[in-house]
Amino acid sequence: MCGIAGIMAHEPVNQLLFDSLTVLQHRGQDAAGIMTCDRGRFFLRKSNGLVRDVFRTRHMKRLIGTMGIGHVRYPTAGSSSEAESQPFYVNSPYGIALAHNGNLTNSETLTEELFRTDLRHINTNSDSEVLLNIFAHELGKQGMTLTEDDIFSAITRVYQRCEGGYAAVAMISGYGLVGFRDPHAIRPIVYGQRQTPQGTEYMIASESVALDVAGFELIRDLAPGEAIFINMQGELHTRVCATNAELTPCIFEHVYLARPDSIMDGINIYHARMQMGEKLAAKIRRIKPDHDIDVVIPIPDTSRTSALELAQHLGVTYREGFIKNRYIGRTFIMPGQTLRKKSVRQKLNAIGMEFKDKNVLLVDDSIVRGTTCNEIIMMARDAGARKVYFASAAPPVRYPNVYGIDMPAARELIAHDRTEEQVAELIGADWLIYQNLDDLIDACKELNPAVARFDCSVFDGNYMTGGIDMAYLDRLEAQRNDAAKNGSSAENGAIELHNDISAEVE
């Protein structure tokens, strides 16, 4: 769940990239980076922290050029090393920079191939660096000069080697801007354009909201296995480079990850979340027609849209019962259970009058670890609620994500190997209701019937790319469990380069 952006313009792109990353901040709060290109030379600034903290005026002045890429990151394998912030860069061939969102499920195999066969050194634990080196190696086979056919041929071979869910933007010095999406289109990526007196400018990004803030008109999402190339003359080329491509986007983007004002694979995220609330209300009416719910209260922020629609269809009062501190990050991606528990109380404060002597239905977008649910339910009871019910706009999250979302190891998922009644007892709810998976799929599919299937692996354990067995999940658990995160740092096989990462790269 990183955020990426790339721009080819006729004016400096540093401010446009900064603004774009700011509105993609929800996709990653661990690190941020921008790399620009001017007359064949790359300029880089990246560091740990939020966008507003990483980039100061002195950094922005150094980021010159009319082509650039940007990235916001959170780690999926436990390391928050500054060396693993993006974009990454290699000087051979041509000079290539890349930023990536997703996860290569065969990263370990590829790392070994790069070392033994391609004679390339990987300096970090990041699979983004692996993807960059695979792309660079395949481009190097094309010779001294590149055409769009050469670039698409190289990406075709990238698809043949790389497995998993991923979307990437890249710059090739002297040639142009590239973007590509995995053959299953699991991770999102869109592109748009705007007209200026100097000509057409193009932008590629994870979500359409980044295009909106930069003043670009959304053209469309990249198709499964499709690549886009904008050359230095501003000419756009697209091609589907993967065989057996199939549109199976990640449905958890629609539940939680994406901003509500984004449009993703033709699906309006806000509208989809409205429909999730409507379908959840219908389920409550079916299984508990004589409910005694007095008030519906959302867990801010992503559940508001579903909660409001749910309340309207139940004919129950909707109230804002929690005030959110907007300067606390998303809790399910925070490393360490103690930190997550502490952050909930810092993040939310209850308005007592909305809870006192009432039967309250709390609504959240999903339940992952259950940590926040338990703390919030305790807060509701402390505020005087008579009964506390809990509704999830998503089905039970029972399986880890392998395509770039830092969902924890299976045993850290509260719904893994547990019934709904057991989960309700653990989080302290008087009653718990989950969305049906079929209803969730319909809530999204009804807005774009062209999406025949979604990746629902966190709910049903069906991994679209195949090749995910227990051995892989065991390795993933070793990387992602809380114990690993509490003890991990950059020394996990990576060699830190303690230099000024804001320096010019030549």
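**View 1. Helices H5 and H6 cross at roughly 135° in this predicted model.** The axes of H5 and H6 (residues 148–161) come within 9 Å. Because angles over 145 count as roughly antiparallel and 65 to 115 as roughly perpendicular, the angle makes H5 oblique to H6. The crossing of this pair, H5 and H6, is right-handed.

**View 2. Residues in the contact of H5 with H6.** H5 contributes Leu131, Ile134, Phe135, His137, Glu138 and Leu139. From H6 come Ile151, Ala154, Ile155, Arg157, Val158 and Arg161. By class, eight of the residues in this contact are nonpolar, one is polar and three are charged.

**View 3. Helices H4 and H5 cross at roughly 50°.** H4 spans residues 107–116 and H5 spans residues 127–140. Their axes come within 10 Å. The angle makes H4 oblique to H5, because only angles under 35 degrees count as roughly parallel and the perpendicular class runs from 65 to 115. The crossing of H4 and H5 is left-handed, whereas that of H5 and H6 is right-handed.

**View 4. Residues in the contact of H4 with H5.** On the H4 side are Ser107, Leu110, Thr111 and Leu114. They meet Asp127, Val130, Asn133 and Ile134 in H5. The contact divides into four nonpolar, three polar and one charged residues.

**View 5. Ile134 of H5 in both contacts.** Ile134 is among the H5 residues that meet H4, and Ile134 is also listed in the contact of H5 with H6.

Technical notes
Residues are numbered from 1 along each chain as its sequence is written. This is a predicted model: local features need pLDDT of at least 70, side-chain atom pairs count only at pLDDT 80 or more; totals for chains, interfaces and linings use all residues. Side-chain values use heavy atoms; hydrogens and water are left out. Axes are lines fitted to C-alpha atoms, for helices over the stretch in contact, and angles run from 0 to 180 degrees between N-to-C directions. Helices (H or I, at least four residues) and strands (E, at least two) are DSSP runs, numbered from the N terminus. A crossing is left-handed if the near helix is turned anticlockwise from the far one by less than a right angle, and right-handed if clockwise. Contact means heavy atoms within 4.5 Å. Ala, Val, Leu, Ile, Met, Phe, Trp, Tyr, Cys and Pro count as nonpolar, Asp, Glu, Lys and Arg as charged, and the others, Gly among them, as polar.
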